[in-house]
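Here's a quick tour of side-chain pairings, for when you have the model open in your viewer.

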Amino acid sequence: KTELLETDPEKNPYYDPRMKVETGRKGRKEIKFVEPGRFIERAEKERELAEVELIRAEISAKEAQIAKGAAKKEEETVLEMLKDDERYGAPVTVEWWDEPFLQSKSYEDLDAAELCSRIDRLVTHFIHHPVSHRRELVEEKPPPIPMMLTDREKKKLRHQRRMEKVKEKQQLIQMGLEPPPPPKVKLSNMMRVLANETSQDPTKIEAQVRAQVEMRKQEHEEKNEARKPTDEERKERANEKIERDKERSGIHVAVFRVYSLANPSNRFKVDMNAQQSHLTGCALLYNECNVVVVEGGERAVRKYVNLMLRRIDWNKAADDAGNEAGAEGVPEKEEDEDRKGEIGDKCILVWEGIVAKQSFLGFKVINIPTADAARTFFRRRRTEQYWDLCLASSFKNSVV
């Protein structure tokens, strides 16, 4: 094309010698081979640098230890010098600011009249200021505020971290420090990856591929099992969560009055749920005024209130008693329904609020024979008001 192009500006006024004419054919890229031993040499240099850095770190640690010992020794010598110094010995007999007012340099023969005459002459309107020493204050920088990231940003950072790990592994494989991973053969790509071997013995190759798939699956499951927290770690996390709830929201208290705790199933639920939620308090059993008190974090107390008011069937005790009476031949079904109508709710929430500190060390179920003993039990823990509130409450007119 350049041969057919007219380059004479008189014949071709549109020709510009500054413009390059492309022939439309790109040059081929040359194949560049890596020199043998290039990556090995680079890896050896990196190992040498790592060893040098390790030696430097050891030397700096030893120097810091030596300097620390020297500073400690110097401090001990200074303290010994101060002990031997007369200025830090016995206390003085007369303070320096009282010396102009005392003739005998002692407080024993102090004369009031003479002291007044001296005060008029020696005391002036001038003020004696002590020598000020500049104190070097080290400004403590406030801790950095943690950055709040969105879910999308967290996902992006996680992807970046994983890509960095993959690139590092690829570089190690290129340097020859790690062997390359075997090809990931599946039944779907078996014919494409192992074309030559498959044509010779397809049954054997298929068995090998299935074994590899099963091995990869087993390794994956083992890694998942290794990442799972143990039972002790789960308990520690649950306990930490409960303690954080107490520190964040304070000590919440809920007081219940239960008509009957005779059913062992309900009594077990009341006791075990309080212990599992790390709640303190008591379940006091006394006739028809059974009191349940729980203390703990806001979340745990809210769950316990839901248990007492919604999840537990308090009519189960009455139903069991009715079934036993029916087995004996006594028709008490109508009497139970009448009694249920008289009582109303079998469990009511008497009071719920926040207190300054806990009054109970743990949760216990206690049988109390008399009302005075129950009042004494709460008085010892300075919670007598809980008992008074429960006595003043009524099942019939309660609204839960």
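**Rings and charges at a glance**

Phe 256 is buried, and Tyr 304 is buried too. Keep in mind that this is a predicted model. Searching the whole structure turns up 6 aromatic pairs, and there are 9 salt bridges as well. Below are some of each, plus a stop at Arg 299.

**Aromatic pairs**

- A pair of aromatic rings is described by how far apart the centres are and by the angle of the planes.
- Of the 6 aromatic pairs, one is Phe 256 with Tyr 304, a tilted pair with 6.2 Å centre to centre and 55° between the planes.
- That pair ties together distant parts of the chain, with Phe 256 in strand β1 (residues 251-258) and Tyr 304 in helix α9 (residues 298-311), 48 residues apart.
- Both of these rings, Phe 256 and Tyr 304, are buried.
- Phe 378 and Trp 387 make a stacked pair, at 6.3 Å centre to centre and 25° between the planes.
- Phe 378 is buried, and so is Trp 387.
- Those two rings also belong to a cluster: ring pairs join Phe 378 and Trp 387 with Tyr 286, Phe 360 and Phe 377.

**A charge over a ring**

- Which ring does the charged end of Arg 38 sit over? Look at Phe 39: the charged end of Arg 38 is 5.8 Å from the centre of that ring.

**Salt bridges within a helix**

- Side chains of opposite charge can pair when their charged atoms come close.
- Lys 45 and Glu 41 meet through their side chains in a salt bridge, at 4.0 Å from N to O.
- Both residues, Lys 45 and Glu 41, lie in helix α1 (residues 38-84), where they are 4 residues apart, about one turn of the helix.
- Is Glu 41 buried or partly exposed? Glu 41 has a relative accessible area of 43%, so it counts as partly exposed.
- Over in helix α7 (residues 231-249), Asp 231 and Arg 234 are 3 residues apart, again about one turn of the helix.
- Asp 231 and Arg 234 form a salt bridge, with 3.1 Å between the closest N and O atoms.
- Asp 231 has 55% relative accessibility, so it counts as exposed.
- Arg 234 comes in at 43% relative accessibility, so it counts as partly exposed.

**A salt bridge between helices**

- Asp 388 and Arg 375 form a salt bridge, and their closest N and O atoms are 2.7 Å apart.
- This one links distant parts of the chain: Asp 388 is in helix α13 (residues 384-392) and Arg 375 is in helix α12 (residues 371-380), 13 residues apart.
- Asp 388 counts as partly exposed because its relative accessibility is 34%.
- Arg 375 is partly exposed too, with a relative accessible area of 23%.
- Both are part of a network of salt bridges that links Arg 375, Arg 379, Glu 384 and Asp 388.

**Around Arg 299**

- At 40% relative accessibility, Arg 299 is partly exposed.
- Which residues does Arg 299 contact, leaving aside its neighbours within four places in sequence? Lys 241 and Asp 245 are in contact with Arg 299.
- Lys 246 is 53 residues from Arg 299 along the chain, and their C-alpha atoms are separated by 8.9 Å.

Technical notes: Residues are numbered from 1 along each chain as its sequence is written. This is a predicted model: local features need pLDDT of at least 70, side-chain atom pairs count only at pLDDT 80 or more; totals for chains, interfaces and linings use all residues. Side-chain values use heavy atoms; hydrogens and water are left out. Rings of Phe, Tyr and Trp (its six-membered ring) pair if their centres lie within 6.5 Å; planes under 30 degrees apart count as stacked, over 60 as edge-to-face and the rest as tilted. Helices (H or I, at least four residues) and strands (E, at least two) are DSSP runs, numbered from the N terminus. Buried means under 20% relative accessible area, exposed over 50%, partly exposed in between (1.4 Å probe, protein chains only). A charge sits over a ring if NZ of Lys or CZ of Arg is within 6 Å of the ring centre and within 35 degrees of the ring normal. Contact means heavy atoms within 4.5 Å.
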